Amino acid sequence: MRIQLLTHTPQPEKVVSQAARICTSTRSVENFYSEDLIRKVIGRGHLSVLEHVSFSFLVEGVSRALSHQLVRHRLASFSQQSQRYTTTGKNFTTPHSIQDNTKACFEFNRIMDDCWVVYENLKSLGIPDEDARYVLPNAAHTNLVVTMNARELRHFFSLRTCSHAQWEIREMATQMLVICKRKAPVLFENVGPGCLVNGVCPEGNACNFHSLGRISPDRHFRSESPGRLPGKIRSPG
Ligand SMILES: Cc1cc2nc3c(=O)[nH]c(=O)nc-3n(C[C@H](O)[C@H](O)[C@H](O)COP(=O)(O)OP(=O)(O)OC[C@H]3O[C@@H](n4cnc5c(N)ncnc54)[C@H](O)[C@@H]3O)c2cc1C
């Protein structure tokens, strides 16, 4: 998977400061910037001011299983490579649980081969891409551009960096969070899975992080490259 920040609102924290300031001030906010005010509005849940800044990511080489999960986030904007108008090359994601199991890996690769052989055969029989694609698996790779505002990103990160989220979307969300923290550290301070941020898992006691105790999310996400996050999220230590 490759995650790249394409663009973001310039000076995102200044824009949020200005939006927050104008609510309670009659003075010019043109040069206003205050980290304290950002922390205050976030702490009080006045989160609409975060909607003035957005981040656009290029996401490449993720499975269609992941993109199904991603597009459930209704406040984000998506542009996804079409399987109707482009030919889908034989590129797919193999889950780590399958990679680590020789017999399962053999079965998986066999059916991947079959899927693409039938896909190509159907097309050579005159079936259009848009219909031939019905034989392609959830594992097939897709590319997309996704844009979210900072409010939605914080919500997305709370759900998708959690160990309850599947490993692939968790890896994607974690890489995005690392990038956001670098670009706007105050806006994305204390952002991450609920149990790390609040010490309480919104999903109950099944969360993998409980055994790790309370850990600073900034410490967890300080790495520039989070690397592979297998089925069980790696230890922040
Ligand atoms: C661990 C996990 C397991 C999941 N399992 C399943 C599953 O088994 N089956 C399944 O179908 N889905 C599943 N989902 C998807 C989940 O139900 C949500 O669709 C997805 O996480 C998007 O979350 P959201 O609706 O909060 O966020 P967004 O769509 O990004 O919306 C953000 C917020 O805006 C508000 N909002 C948006 N639209 C509306 C609206 N129409 N009305 C009122 N408020 C709105 C809500 O406050 C919402 O939280 C799972 C998600 C996770 C993280």
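**View 1. S79 and its bridge partner V145 in strand β4.** The bridge partner of S79 in β4 is V145. Strands here are DSSP runs of E with at least two residues, helices are runs of H or I with at least four, and both are numbered from the N terminus. β3 and β4 (residues 141-149) pair in the antiparallel sense over 4 bridges; two strands pair if DSSP finds at least two bridges between them. Helix α7 (residues 150-160) packs on the sheet, where it touches β2 (54-63) and β4, and its direction makes about 125° with that of β4. Two residues are in contact if their C-beta atoms, placed from the backbone, lie within 7 Å. Axes are lines fitted to C-alpha atoms, for helices over the stretch in contact, and angles run from 0 to 180 degrees between N-to-C directions.

The model shown in these views is predicted: local features need pLDDT of at least 70, side-chain atom pairs count only at pLDDT 80 or more, and totals for chains, interfaces and linings use all residues. Residues are numbered from 1 along each chain as its sequence is written.

**View 2. The open sheet of 4 strands.** The strand order is β1-β2-β4-β3, with antiparallel pairing. β1 (2-8) and β3 (77-80) stand at the edges with a single partner strand each, so one side of each has no neighbour in the sheet. On average, neighbouring strands are turned by 20° against each other, direction ignored.

**View 3. Strand β1 beside β2.** β1 and β2 run antiparallel and are joined by 6 bridges. T7 stands opposite S56 in β2. Of the 7 residues of β1, the number buried is 0, so this strand lies largely in the open. A residue is buried if 20 or more other C-beta atoms lie within 10 Å of its own, exposed if 12 or fewer, and partly exposed in between, with C-beta atoms placed from the backbone. Over the chain of 237 residues, 30% count as buried.

View 4. Most residues other than glycine have a negative phi. Q11 has a phi near 45° and is not a glycine; Q11 is found in the loop between β1 and α1 (12-22). With 13 other C-beta atoms within 10 Å, Q11 is partly exposed. N190, also not a glycine, has a positive phi of about 55°. The loop that holds N190 runs between α8 (167-183) and α9 (194-198). N190 is partly exposed, with 15 other C-beta atoms within 10 Å.

**View 5. Helix α5 and G126.** Helix α5 (residues 102-124) has 23 residues and reaches 33 Å from its first C-alpha to its last, close to the 33 Å expected at 1.5 Å a residue. The expected span is 1.5 Å times one less than the number of residues. After α5 comes G126, with a positive phi near 95°.

**View 6. D36 in helix α2.** D36 is found in helix α2 (residues 35-44). D36 counts as exposed because it has 9 C-beta neighbours inside 10 Å. The C-alpha atoms of D36 and V186 are separated by 9.1 Å, although these residues are 150 apart along the chain.

**View 7. The residues around the ligand.** These are R72, H73, R74, L75, E152, H155, L159, H164 and A165. A residue is near a molecule if its C-beta atom, placed from the backbone, lies within 6 Å of it. The shell divides into 3 nonpolar, 3 polar and 3 charged residues. Ala, Val, Leu, Ile, Met, Phe, Trp, Tyr, Cys and Pro count as nonpolar, Asp, Glu, Lys and Arg as charged, and the others, Gly among them, as polar.
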